[in-house]
Amino acid sequence: MLQEKSKTFSLHILQTCNKLKNDGIQNILAKQLVRSATSIGANIHEANYAASKSDFVNKLQIALKECYESEYWLDLISSTGYLDAQEVSALLNECGSIRSILIKSINTTKNK
């Protein structure tokens, strides 16, 4: 479920960033957002093949950090007005949902 949610989020980010103009600032913001957002899913995918419990938690913690970074870039893009506020809000909600699941997964694994 988490892996699929993160993949869907990545696809939504790619589609959204494709709407940004290919100029200096918007291009930089789009690249930063794409990197952090797609890294979430990559680290979750990697966690599924972790060598140990600590490796698993570490990969999920990296994905969590990338969630926070993605929220930052989305907030910054929203503040610039480059994208529709409702669209950014939906992406922030999607990212927040993934973040919540990651936090619960990390805590559950650590407490086992």
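A disulfide is defined here as a pair of cysteine sulfur atoms within 2.5 Å. The model is predicted: local features need pLDDT of at least 70, side-chain atom pairs count only at pLDDT 80 or more, and totals for chains, interfaces and linings use all residues. Residues are numbered from 1 along each chain as its sequence is written, and side-chain values use heavy atoms, with hydrogens and water left out.

The structure holds zero disulfides. Cys17 cannot pair because its sulfur lies 12 Å from the closest cysteine sulfur, in Cys95, too far for a bond. Cys95 is likewise in no disulfide. The nearest cysteine sulfur to that of Cys95 belongs to Cys67, 4.1 Å away. Cys17 is buried at 9% relative accessibility (buried: under 20% relative accessible area, 1.4 Å probe, protein chains only). Cys95 is buried at 0%.

The largest nonpolar core has 27 residues. Such a core is a set of buried Ala, Val, Leu, Ile, Met, Phe, Trp, Tyr and Cys residues joined through side-chain atoms within 4.5 Å. Helices H1, H2 (24-47), H3 (53-80) and H4 (85-110) each give two or more residues to this core; helices are DSSP runs of H or I, at least four residues, numbered from the N terminus. H3 supplies the largest share, eight residues. Phe9, Ile13, Leu33 and Leu102 have the most contacts inside the core.

Contact means heavy atoms within 4.5 Å. Beyond four places in sequence, Leu102 touches Leu2, Ile44, Leu60, Ala63, Leu64 and Cys67. Ser6 lies in H1 (residues 2-17). Ser6 is buried, with a relative accessible area of 1%.

Definitions and conventions: Buried < 20%, exposed > 50% of the residue type's maximum accessible area, 1.4 Å probe, protein only.
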